[in-house]
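Welcome! Open your viewer, and let us walk through this chain one stop at a time.

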Amino acid sequence: MSIFTPHNALALAEGFGLAFSPCILPILPFILAASSTGGRARPFLIISGFISSFTMFALLSRKIFTLLAIQQDTLQHGAFLLLLLLGLIMLIPVLEGRFAFFTNGLANNAEALSSGKRADSVLGGFLVGTLIGVVWTPCAGPLLAAALLQVVQAKTDADAIATVLFFSVGTAIPMLIISVFGQRLTTQIRQFAKYTTLFRRGMGLLVVVFALFGLFDFNVGVWAVSSPAISSVEADKSADLVQPATVASSAQPIAETKQSAPEITGITQWFNSSPLTVTQLKGKVVLVDFWTYSCINCIRTLPYIERWYEQYKEQGLVVIGVHSPEFPFESQPANVAKAIKQFGISYPVALDNQFATWMNYHNSYWPAHYLIDRNGQIVESHFGEGNYLETENKIRSLLGMQPAPIQNSEARMTSNGQTQETYLGLERAERFVSKESRLSLQSYSFPEKLELHDWALQGKWLSQENFIVPKTAQAQLKLHFKAGKVFLVMGSQDGKPVAINVHLEHGVNLSSEVHNNTLLVNEHRLYEVAALKDVEDDIVTISVDKELVEMYSFTFGN
């Protein structure tokens with residue numbers, strides 16, 4: 001996977017914007033004074049201090065948000081409120097003055113440090129850099145906040161570090177140029193000083209407008225890219241945009257391996273057990289199963305895994321279900337706990353919200369399991385459904401037991417030509433063919449004909465990164481599928497039941513969750529929206545009367 005993702009490119013651009021804005025003027029004297037002594041390494045020490053302070057603050061904030069279990073939607077609204085406040089500070093002179101009053105003390109310390117005896121020391125140069133960010137806050141705050149939001153929202157620590165790295169590189173390059181060649185550039189830069197206030201007011205107005213858009217769920221950035229991103233079929237979409245992994249819908253060959261098992265680490269919370277490690281489990285046979293509770297392929301494997309645990313735990317089998325969330329709502333401990341109870345899981349479950357264990361195992365699929373022998377060696381890995389008898393016999397072999405009796409062949413969960421998992425959110429949307437109205441933002445209409453595996457919208461919808469949500473009554477979603485069962489991951493935004501209408505164009509809907517063409521949606525989970533007698537080619541239309549239902553992805557079965 002390429003490290004140069006759109007998110008990192010945005011962080012790089014934010015870094016450049018921070019360094020090139022007229023807001024450089026208030027701290028220019030600090031940079032120039034501190035760079036004038038201490039040798040050639042001095043500018044690098046100053047920039048290193050600035051980068052280090054931001055990096056530590058960003059990564060610490062990420063850990064705090066994780067420990068407090070603050071969810072992405074709450075974080076986004078908090079960030080928009082912060083941007084609104086900073087925008088008002090930049091826009092209103094009285095607020096700007098009061099905010100500057102609180103930072104004057106630190107600014108004076110920075111100036112004293114840059115000109116005092118300690119300024120010649122290595123530590124002095126580094127500390128000057130750390131204080132630069134504080135002095136810069138009244139002007140640079142919005143860009144710093146935007147970069148910080150990206151760091152906190154990153155799916156893994158590696159993604160967070162990459163975001164900080166790109167932001168730092170974007171900021172460091174022009175600041176280094178100013179530090180090294182500052183005296184030559186000072187005169188030219190100061191020619192723009194008379195426009196600083198006007199620029200700051202204009203930037204403040206822009207920040208306020210965008211913050212209000214965000215608070216009222218109208219994201220101009222999302223709208224600007226949504227039309228070209230999801231209005232055409234992208235069968236060859238880059239795998240780098242599919243984050244963080246792929247659902248393995250069909251059985252993959254069992255891989256015989258022999259390598260030391262990575263550790264279980266970075267776990268947010270444990271269920272059904274105190275914390276476990278691979279090291280302390282040596283002498284046991286361990287099955288590590290990666291899953292997430294809204295994945296139909298994972299759900300269908302759970303009864304087998306639970307049976308193995310109950311049948312062989314007295315003989316020395318330990319099962320660890322590593323729950324790595326595909327969607328933000330799956331990271332909430334209460335939701336996971338409810339799913340564990342619903343599916344009757346009694347073995348230990350580790351909440352891997354930061355994908356630390358996932359990355360340790362270099363995993364790429366849901367579901368995926370890794371079988372570890374008594375010596376702590378991975379002896380088998382398997383992705384997707386199926387091959388249950390082979391896996392069970394491997395477990396029995398490691399436990400010193402005879403093979404299980406041959407059972408009836410496993411029923412196929414997929415069929416030839418079956419529609420593949422279909423994501424609806426902006427980041428991974430494929431096979432979307434609606435026409436966007438030129439008269440209304442984010443308003444769509446159905447095409448005259450909907451080809452097999454394609455989906456379309458009608459009415460006004462808002463496309464977010466992971467889901468879509470109707471923005472007007474009588475909004476509709478239509479999917480042309482081939483399958484026996486159709487599942488849809490969705491949930492009510494306020495947790496209260498919302499009735500949606502489900503209509504099949506040809507067949508009779510046998511879903512146990514649909515009554516008189518009506519399905520009630522409340523909690524975020526997987527819903528069965530259609531069930532047919534056999535695998536068929538049909539079109540399902542979903543109509544929504546309220547603007548509260550988030551829809552994430554379709555999955556299918558026989």
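Begin by selecting L165, which counts as partly exposed at 44% relative accessibility; partly exposed lies between buried (under 20% relative accessible area) and exposed (over 50%), using a 1.4 Å probe and protein chains only. This is a predicted model, where local features need pLDDT of at least 70, side-chain atom pairs count only at pLDDT 80 or more, and totals for chains, interfaces and linings use all residues. Residues are numbered from 1 along each chain as its sequence is written, and side-chain values use heavy atoms, leaving out hydrogens and water.

Now colour helix α7, residues 157–190, where L165 lies. Helices (H or I, at least four residues) and strands (E, at least two) are DSSP runs, numbered from the N terminus.

Time to move on to Q418. Look for Q418 in the loop between α13 (388–398) and β10 (422–423). Is Q418 buried or exposed? Q418 is buried, because its relative accessible area is 8%. Show its side chain too: a polar atom there lies 3.5 Å from the backbone oxygen of F556.

Finally, zoom out to the whole chain. How many helices and strands does the secondary structure come to? There are 13 helices and 19 strands. Of the 558 residues in the chain, 49% are buried.

Technical notes
Polar contact = N/O pair within 3.5 Å; in protein donor to acceptor, adjacent residues only side chain to side chain.
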